[in-house]
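Please have a look at the chain first, and then we will walk through it together.

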Amino acid sequence: MKLHLHYRKWCKLPMKHYILLFMLLTCHPFLSGAQEKKKPISAYDDKTLLTYGLRNIIHVAAENTIAAKWDLQVIPVAGCIVTSEITDSVERHNNIVIQRMENQYGKDWKKEFDKSIEAEEDRRVILYQTVNNIRFIKRKIKKLKRADTRLSFYMQPIDQTNEYLVYAQAMNAQKQWTTYYKMKVNYKSKTYTLLYNIEQPAN
């Protein structure tokens, strides 16, 4: 059985959101594993799914969130340019993982896994739209753009709620991340509570 870690088509989104999604086709190190030192495929265990290709940051975040609930992790081992040796090795490795998961959870685990990822993607699209419509976020994006950098969002779901912790961050010239804002955002009500503002530190 082959595992296809797929990327969803965004044809149902309003046109104005394509710009946002285009911006998200770059990797945030926290989500993509970009900071992880590469190692041979044979070194990964049967709790690690391997992938390669263009990394849509929303899909990556959703995938990582859901994989963790299944006691799995998803690691990129190559970019868009890959050899047949890499693709074959990834397929062989992932088949081992799939077999273990089927033995443990049954034949339908992959269907439930994919469905959960799609639902998580939908939630995160709403979160990105909500956060990017906040006035002070818009101002910060414009300010950072003039400095030739951009704001990134790291989103962490809060268990048993409709809320996520959202960290608005940017990387400086020294490759260090600065958190400008921390918020609690509700994807259902599309509301937020500001928890931290770098310009207004707590007393």
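## A strand pair to start with

Let us begin with M171, whose bridge partner in strand β5 is W177. Strands and helices here are DSSP runs numbered from the N terminus, with at least two residues (E) for a strand and at least four (H or I) for a helix. M171 belongs to strand β4 (residues 163-171), which pairs with β5 (residues 177-186) in the antiparallel sense over 9 bridges. Two strands count as paired if DSSP finds at least two bridges between them.

A word on the origin of all this: the model is predicted, so local features need pLDDT of at least 70 and side-chain atom pairs count only at pLDDT 80 or more, while totals for chains, interfaces and linings use all residues. Residues are numbered from 1 along each chain as its sequence is written, and side-chain values use heavy atoms, leaving out hydrogens and water.

## The open sheet and its helices

The β4 and β5 strands sit in an open, antiparallel sheet of 4 strands, in the order β3-β4-β5-β6. Each of the edge strands, β3 (152-157) and β6 (191-197), has a single partner strand, so one side of each is left without a neighbour in the sheet. On average, neighbouring strands of this sheet are turned by 25° against each other, direction ignored. Helix α5 packs on the sheet, where it touches β3, β4 and β5, and its direction makes about 130° with that of β3. Axes are lines fitted to C-alpha atoms, for helices over the stretch in contact, and angles run from 0 to 180 degrees between N-to-C directions.

Helix α6 (residues 135-146) lies across β3, β4, β5 and β6, and runs at about 155° to β5. On α5 (residues 109-132) you will find R123. The side chain of R123 makes a polar contact with the side chain of Y164 at 3.2 Å; such a contact is a pair of N or O atoms within 3.5 Å, and within protein one must be able to donate a hydrogen and the other to accept it, with residues adjacent in sequence counting only if both atoms are side-chain atoms. Leaving aside neighbours within four places in sequence, R123 is in contact (heavy atoms within 4.5 Å) with S116, Y164 and Y187.

How many residues make up the largest nonpolar core? This core has 22 residues, and V131, I137, L151, F153, M155, V166 and M183 have the most contacts inside it. A nonpolar core is a set of buried Ala, Val, Leu, Ile, Met, Phe, Trp, Tyr and Cys residues joined through side-chain atoms within 4.5 Å. Two or more residues come from each of α3, α5, α6, β3, β4 and β5. Apart from this core lies another, of 13 residues, including L72, M101, F113 and I117.

## The parallel pair

Strand β1 (residues 48-52) has 4 of its 5 residues buried, so β1 is largely enclosed by the rest of the structure. Buried means under 20% relative accessible area, exposed over 50%, and partly exposed in between (1.4 Å probe, protein chains only). β1 pairs with β2 (residues 73-78) in the parallel sense over 5 bridges, and T48 has Q73 as its bridge partner in β2.

## Two loop residues with positive phi

D148, in the loop between α6 and β3, has a positive phi of about 65° although it is not a glycine. D148 is exposed, with a relative accessible area of 73%.
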